[in-house]
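Hi,

Here is the structure I promised to pass on. My notes on its salt bridges and nonpolar cores follow below.

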Amino acid sequence: MTGYQWSLDYDGGTEDLDRIRCDTPAADAPAGSVPGCVFVNVAPTYTFNAKAFPQAAARACLIQKATAKHPGSMVDQKPLYYMGDESQNNRSRTRICPTGWAATNGDPSALVDAGDTLNCDEFAFASSYNSGVMSSTEGGINPAIPPGKTTPSGDACISMYAKKHGSMIHLFSQNGADPTFNEVCGRAAISGMHNQESMGGHFANFIKQMRIANTLRPPH
């Protein structure tokens with residue numbers, strides 16, 4: 001994690017479940033940073049606030065529970081593997097959520113108010129090696145390759161949009177195409193407020209507090 005110096009004797013092994021990794025704040029660490037430790041083999045759990053941001057939570061829940069890979073599911077023991085390289089993160093987001101995709105494929109009835117805008121929201125996270133648009137040569141473990149293509153693309157993910165139906169907001173398949181649920185990823189055009197507020201600074205703080213590092217390569 002940026003801003004921290006990790007223990008130099010940690011080799012990434014998993015033979016001892018009680019191993020501890022410790023850090024001390026680096027010179028350029030954020031103000032208020034303090035030394036701390038984590039158990040190496042304990043996977044911290046990020047929880048969506050489904051009551052406050054149901055559009056984002058529903059999109060993640062659908063992909064996590066209904067698809068074969070179950071990304072990020074505690075029940076299925078399918079953790080997400082954090083990818084700390086910001087350039088890779090941005091590349092993944094651009095692949096799965098090209099500029100203008102949400103505006104083109106979304107429905108304004110999903111917006112919260114006049115200041116809200118449509119966002120493309122992806123799962124598994126673009127900042128994880130589980131992302132469907134990470135190729136195997138880039139360390140990805142679940143590349144989503146559209147038929148007839150050779151590179152990962154959001155077109156091979158389950159594509160959805162949020163739309164008001166009666167008094168409730170529902171997720172609908174893009175173009176009426178039913179998913180097979182063999183897809184390894186999903187993207188949805190949803191309220192930008194739900195997208196940003198469900199993650200935003202919350203996830204950044206979670207990474208810092210749980211001392212999540214781009215240390216371990218996921219299994220292939």
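Glu86 is partly exposed at 45% relative accessibility, where partly exposed lies between buried (under 20% relative accessible area) and exposed (over 50%), with a 1.4 Å probe and protein chains only. Its salt-bridge partner is Arg93, with the closest N and O atoms 3.8 Å apart; Arg93 is partly exposed too, at 33%. For a salt bridge, I took a side-chain nitrogen of Lys or Arg within 4 Å of a carboxyl oxygen of Asp or Glu.

Bear in mind that this is a predicted model: local features need pLDDT of at least 70, side-chain atom pairs count only at pLDDT 80 or more, and totals for chains, interfaces and linings use all residues. Residues are numbered from 1 along each chain as its sequence is written, and side-chain values use heavy atoms, leaving out hydrogens and water.

The salt bridge count comes to 6. Another one joins Arg91 and Glu138 at 3.3 Å, and Arg95 belongs to a network with these two. Arg91 is partly exposed at 31%, while Glu138 is buried at 17%. Then there's Asp121 with Arg59, at 2.4 Å N to O; both residues are buried.

On the nonpolar side (buried Ala, Val, Leu, Ile, Met, Phe, Trp, Tyr and Cys joined through side-chain atoms within 4.5 Å), the largest core has 19 residues, with Phe48, Phe123, Phe125, Met199 and Phe203 making the most contacts inside it. A second, separate core of 14 residues includes Ile96, Cys120, Ala144 and Ala189.

Cheers
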